[in-house]
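Subject: Handing over the two-chain model

Hi there,

Here is the structure I promised to pass on. Please have a look at it first, and then read my notes below.

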Amino acid sequence: MKKALFLALTVTVGLSLSACGEYSQVASYKPGNYQGKSDTRPWEGGQFAGNKQAWEAALNSRNQTQNEYKRTH
Amino acid sequence: MARMKFLCDAERCIECNGCVTACKNEHELPWGVNRRRVVTINDGVPGEKSISVSCMHCSDAPCMAVCPTDCFYKTEEGVVLHNKDACIGCGYCFFACPFGAPQFPNGPAAFGTRGKMDKCTFCAGGPEENGSKAEYEKYGSNRISEGKLPACAEMCATKALLAGDAPVISDIFRDRALRRGKAGDAAWGWTTAYGKPEQAAPVAKEGAK
């Protein structure tokens, strides 16, 4: 009788603790991949019509106008 | 073309909110959505400092990392953009962003009723045909494809807000900071931002007797 009770207790304790394993709580980060619509690049279409160099030149000129030291000297 | 970045000079910003107004007007943003705003530290206290803040188009953007629908993408110019068709308005990007850039048209509503996220696009539109009506309605004006810089920076009266190629605007800022006559780390405004006011040692003028 005692032996059966001991056995039953051991099995119960064993089963009740079986879900208490130690697992890493840190989520593993997997960078997502964009799968939406593809975007047209700025120099494609419109006024630049695929001329990347002209687009870069226009943008560079705008960049430089932000430097007022170059505008006034 | 290098990475597109914003740079705000706290020594020049006069808290006029011209950048905020320019942005709202350029993109016809709805009430409650502010892609850009001006933050003032020690408001009302002599020596207060202001900076203009929006999406900083992070090199390693946390919004991109947390988005469950992977609706963000980065252009070749380093501009972080998103696809509104895929956005579910969960708000994860809002919590992840250190600058509070993501905005929701319906404000702090419950999940599913906030509407699609809206943020600064560096005036580069979104994944629609450049300059199309659909692009304008969803993402606002696409000035970059017209060879222009963002409206906020071009509108800035004191040129406190610079936008464009990172090496170019950092050169402009470096040149400006060195002309202020401060020496060493003070030239960059670090002591202004984080330390007590200090007087830089006078720089001896060349040829002075």
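First, the conventions. This is a predicted model, so local features need pLDDT of at least 70 and side-chain atom pairs count only at pLDDT 80 or more, while totals for chains, interfaces and linings use all residues. Residues are numbered from 1 along each chain as its sequence is written, chains are lettered from A and ligands numbered from 1 in the order in which they are written, and side-chain values use heavy atoms, with hydrogens and water left out.

**Chain A**

Chain A has 3 helices and 0 strands, where helices (H or I, at least four residues) and strands (E, at least two) are DSSP runs numbered from the N terminus. Along the sequence that reads α-α-α. The mean pLDDT (the predictor's confidence in each residue, from 0 to 100) is 83 for chain A, with 89% of its residues at 70 or more.

Of the 73 residues in chain A, 12% are buried; buried means under 20% relative accessible area, exposed over 50%, and partly exposed in between (1.4 Å probe, protein chains only). The chain exposes about 6,100 Å², 59% of it supplied by carbon and sulfur atoms (Shrake-Rupley method, 1.4 Å probe; for residues, only the protein chains shown count as cover).

**Helix 2 of chain A**

Helix 2 covers residues 52–64, and its 13 residues should span 18 Å at 1.5 Å a residue, which agrees with the 18 Å between its end C-alpha atoms. The expected span is 1.5 Å times one less than the number of residues. Asn51(A) caps the N-terminal end of this helix, with a side-chain oxygen 3.4 Å from the backbone nitrogen of Gln53(A).

Which residues of helix 2 of chain A are buried? They are Trp55(A), Leu59(A) and Asn63(A). These residues cover an arc of only 80° around the axis, which puts them on the same side of helix 2; the arc is that of the directions from the helix axis to the C-beta atoms. They pack against strand 1 (4–8), strand 6 (161–165) and helix 6 (166–179) of chain B, with contact meaning heavy atoms within 4.5 Å.

**Chain B**

Chain B has 7 helices and 6 strands, in the order β-α-β-β-α-β-β-α-α-α-β-α-α. Of its 209 residues, 47% count as buried. Its accessible surface comes to about 10,500 Å², with 57% belonging to carbon and sulfur atoms.

**Two residues of chain B**

Arg12(B) sits in the loop between strand 1 and helix 1 (18–27) of chain B. At a relative accessible area of 18%, Arg12(B) is buried. Its side chain reaches the backbone oxygen of Thr158(B) at 2.9 Å; a polar contact is a pair of N or O atoms within 3.5 Å, where within protein one must be able to donate a hydrogen and the other to accept it, and residues adjacent in sequence count only if both atoms are side-chain atoms. Not counting residues up to four places away in sequence, Arg12(B) touches residues including Glu68(A) and Tyr69(A).

His27(B) lies in helix 1 of chain B and counts as buried at 6% relative accessibility. The side chain of His27(B) reaches the backbone nitrogen of Ser141(B) at 3.0 Å.

Best wishes
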